[in-house]
Amino acid sequence: MSNIITISPVSRIEGHAKITIHLNSKGEVDDARFHVNEFRGFEKFCEGRLLWEMPGLTSRICGICPASHLVTSAKAGDDILAIGIPETAEKLRRMLTLAQWIQSHALSFFHLSSPDFLLGFDADPAVRNIFGLMQLDKDFARRGIRLRKFGQQIIEFLGGRRIHTPWAVAGGVREPFTKEERDTLLEWFPEVKETALLAVDVIKKTHEKFHAEIPSFGNFHSLYVGLVGPKGELEYYGGTLRIMDSAGNIIADSIDPRDYYKHFGEASESWSYLKFPYYKPLGYPKGIYRVGPLARLNICDSIETPLAEKERRMFKLLAPKMESVNNSFYYHYARMIETVFAVEKIEELLHDPTILGTHVRSKAEINRLEGVGFAEAPRGTLFHHYNVDENGVIQKVNMLIATAQNNMAMNRTIKQIAMRFIDGKKITEPILNRVEAGIRCYDPCLSCSTHAAGQMPLEIQMLDSDGYLLDMVKR
Amino acid sequence: MAVKTLTIDGQQYSAQEGESILSVARQHKIPIPTLCNLEGLSTVGACRLCVVQIEGIPKLLPACTTKVEEGMVVQTSNVKLNKYRRMIIALLASEGNHVCAVCVANNHCELQDLAYQVGLIRVRYPYLYPKKTLDATHKEYVMDHNRCVLCTRCVRVCDEVEGAHVWDVAGRGINCEIVTGLDANWGNSETCTSCGKCVMVCPTGALFEKGANISEMEKKKGFLKYIITARQKKEWVYIAND
């Protein structure tokens, strides 16, 4: 089938996506593609810069999850300096990573996805947004906004600013945490914990409400990849990689994240700037895998905090016997369980006296010419891989971004939704919204800039078997 | 030495013969923006930011190198001068690769301060995005040519204060570049004493301490006055944040 659509790169726009739906000669859905037509070029223009600048440079990749890039980049820097960072610095970086989870997860759930769940997929798009949600349930919307604010406030206290802080550096962090800041953050409890649990309840009710639709929301077999701690527990900052299949079998474990490139390859397609990472032993496209909340909850054996662990056990019950939770709709549930964990863990960290330590930065020269940083960003495992010369000048950068790792899964999801809901040759708004909701399960990072407006600038094209445009919906 | 009387912005001032307009203006707290000029170093009149209008002279002249004359009538600020100063900053911005948001000198940069001061809100010249290099061969310091505005403060402080003359200017026109020795790597320089004076007097993030992250490179210039006063007057008085 020929694809006749030409897309010019649209620069400085985050979150510009396009979907094409390809029909066969009988008018049935043959394929569906999720095109990301933004080109950023970070890997290239970071070449020639200094290692020490990388955390600040790469945090500019994203306005929603800059803290994840910051920490991952700083970790790649630690690896190249070949030093251990002070205990306080590691705990503070962990807290920043969790704060990033909270603010991003709260945004994904309360601001973007919950209007679909509470107002319905078929509701008028004019009210199916955060404002409609405020009218429907003011307290719920307010709680969501405040939960996100809690995450943002931690980032601001630690990094000095909410977005694009350069606070984490190779060797540790720039500034310690103060007692006053800790006390202010403790005042947020128990409110934030209640909000996270409330969100879990809402999402569970959604499962009943949409039981007929859920089976088509990205229900397929794939591998799951993420970090786990030494005891197999949910991990977000350190640990090792675990790979699980859709039947719940661990097919690879205790992989040093530094060796990620031995296990994962990146394929390219001519129709998207977003690469298609795959698990090398299975090849492309059979090596499809998912990362992020669904994957993390699938692969871990436990969660170290009590409330989240209780929910994790409930989550596990969603899977049929001898299977992982394979439905992407449950990303939302997993995301909120992680939020409960993040809130609980932050409370624990705030009560840890060592978090107020003042020695937070180690210094060293370049001791290795290659380094890998890794962490669990809100959307999945993030890798930064740098090669430097003996002076610390970057020679090569490779970044494996969480959203990219879900690329194949996102394409599979929209194909499944298109096959289920498109029967004729006309696209209706509710169909558009379901396709969009399919993508939103993954909370892809390309929607960053449009998060606030609550709508992706989405374009859906329907092509016949000769590649001719039958219908197009744009917004 | 004879005393000269001149008018600056409508006010009469007296000055020593041989003194520059800039020196008189500084003494009387009349603001004139400067970039290449730094008290304690020789004047070169390279940046042209301090241009002033002198009655009877059709050209604009730099206040730093123009000596006072009897009866001189000087204007330090007017629409034309402000426009020219904005143009100079805009040209400097478009000629290098100045990305404040990710620069080590962000919030501690004289070029950035000047841009605010002259009211630069956009650059109408096309950015050249030149392919410049970064010399990180020195153990402690880095020279990033992307952010260099060729003020030559580093050249002068090294030559005049440290006495090492490690730095110089090579090339012509837009291809001008600060070089170490005979265009060698800084790390290989046998004349560099690693004193760091060049780093501290650099107005932008072109010269900085290795390991500095975004916004971390604060330039402390107090040492210059301290050394000059000590040498000239044998008085060792350090004024912090000067």
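Trainee: What makes the crossing of α4(A) and α12(A) left-handed?

Mentor: This is a predicted model, and its crossing of α4(A) and α12(A) is left-handed. The term applies because the near helix is turned anticlockwise from the far one by less than a right angle.

Trainee: Within what distance do the axes of helix α4 and helix α12 of chain A come, and at what angle do they cross?

Mentor: The axes of α4 (residues 87-119) and α12 (residues 331-350) of chain A come within 9 Å and cross at roughly 145 degrees. Those two values are given because two packed helices are described by the angle between their axes and the distance between the axes.

Trainee: Which residues make the contact?

Mentor: On α4(A) they include A:Lys91, A:Met95, A:Trp101 and A:Phe109. On α12(A) they include A:Glu338, A:Val343 and A:Leu349. By class, the contact has 12 nonpolar, five polar and five charged residues. A:Lys91 and A:Glu338 belong to the charged class because Lys and Glu count as charged.

Trainee: How do you know that β1 and β2 of chain B pair?

Mentor: Two strands pair if there are at least two bridges between them.

Trainee: How many residues lie between β1(B) and β2(B) in the hairpin?

Mentor: Two residues lie between them. In the turn, B:Asp9 has a positive phi of about 50 degrees.

Trainee: Why do β1(B) and β5 of chain B count as a pair?

Mentor: Two bridges join β1(B) to β5 (residues 73-75), and the cut-off is at least two, so these strands pair. They run parallel, with B:Thr7 opposite B:Val73 in β5(B).

Trainee: Which classes of residue are on the side of chain B that touches chain A?

Mentor: 10 residues of chain B are in contact with 15 residues of chain A. The side of chain B has six nonpolar, four polar and no charged residues. Asp, Glu, Lys and Arg are therefore absent from that side.

Trainee: How many residues of domain 1 of chain A are in contact with domain 2 of chain A?

Mentor: 18 residues of domain 1 are in contact with 18 residues of domain 2. On the domain 1 side, α14 (407-421) and α15 (429-440) of chain A are the elements that give two or more residues. The largest share, seven residues, comes from α15(A). The domain 1 side divides into six nonpolar, six polar and six charged residues.

Technical notes. Residues numbered from 1 in each chain as written. Chains lettered and ligands numbered in written order. Predicted model: local features only at pLDDT ≥ 70, side-chain atom pairs only at ≥ 80, totals over all residues. Contact = placed C-beta atoms within 7 Å. Helix = DSSP H or I, 4+ residues; strand = E, 2+ residues; numbered from the N terminus. Axes fitted to C-alpha atoms, helices over the stretch in contact; angles between N-to-C directions.
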